[in-house]
Amino acid sequence: ANRLADCLVVADRVLDVAEHQDLTEILAQTLMTKGGALASLGRVREGTGIIRAGEDLARDVGLTAIQLRGILSRTYWELESDTVRALEGMREGLAIAQRVGDRRLVVRLSNNAGFTSFQVGQWDEGLATLEEPLREEQEWSTRARLGGKDLIPGGLLVIERQDVAGLARN
């Protein structure tokens, strides 16, 4: 907790300088860092709000990679309190990652959104989301993980609803 508190002090100093010197990229990234630290300290609503502010700033000035970082961070924390909202964010991030051709994030966000869809009862959409990255050949380093088993490029993904429900219970 002390390191997180130190992080907040440093983040506030950096935010002050970045704001006054119009250092937009540093401002957006530091907002996300501060938000993550706050969320880690149990101040999740405040933290996700600050992450979203950094994410919005990044989007407004075309810093797509930083925007995606914010989406990943925010949706991680939103899963604790608002699964549907987190899923919406994951889908937004997935669409952006697909648009910019970030294969690694397409796989990661497909995995996140796919399993989160199961949690909210959207089975067919979850399966479709998980299957999408498998339609194309993938490098070894960008494979998603499914219940501790690798999704093998070119392999078949066959999941029964009860199998996924069983994974969620384990």
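Biologist: Which residue forms a salt bridge with Glu55?
Modeller: General idea to begin with: side chains of opposite charge can pair when their charged atoms come close. The cut-off here is a side-chain nitrogen of Lys or Arg within 4 Å of a carboxyl oxygen of Asp or Glu. Glu55 pairs with Arg74, with 2.8 Å between the closest N and O atoms. That pair links distant parts of the chain, 19 residues apart: Arg74 sits in helix H4 and Glu55 in helix H3. Helices are DSSP runs of H or I, at least four residues, numbered from the N terminus.

Modeller: Some ground rules: this is a predicted model, where local features need pLDDT of at least 70, side-chain atom pairs count only at pLDDT 80 or more, and totals for chains, interfaces and linings use all residues. Residues are numbered from 1 along each chain as its sequence is written, and side-chain values use heavy atoms, leaving out hydrogens and water.

Biologist: Are Arg74 and Glu55 buried or exposed?
Modeller: Both Arg74 and Glu55 are buried. Buried means under 20% relative accessible area, exposed over 50%, and partly exposed in between (1.4 Å probe, protein chains only).

Biologist: Which side chain meets Arg52 in a salt bridge?
Modeller: Glu78 does, at 3.2 Å, N to O. Arg52 is in helix H3 (residues 44-60) and Glu78 in helix H4 (residues 64-78), 26 residues apart. Glu78 is buried at 5% relative accessibility, while Arg52 is partly exposed at 24%.

Biologist: Which residues are linked in a network of salt bridges?
Modeller: Arg52, Glu55, Arg74, Glu78, Arg85 and Glu92. Glu78 also meets Arg85 (3.5 Å, N to O).

Terms used:
Helix = DSSP H or I, 4+ residues; strand = E, 2+ residues; numbered from the N terminus.
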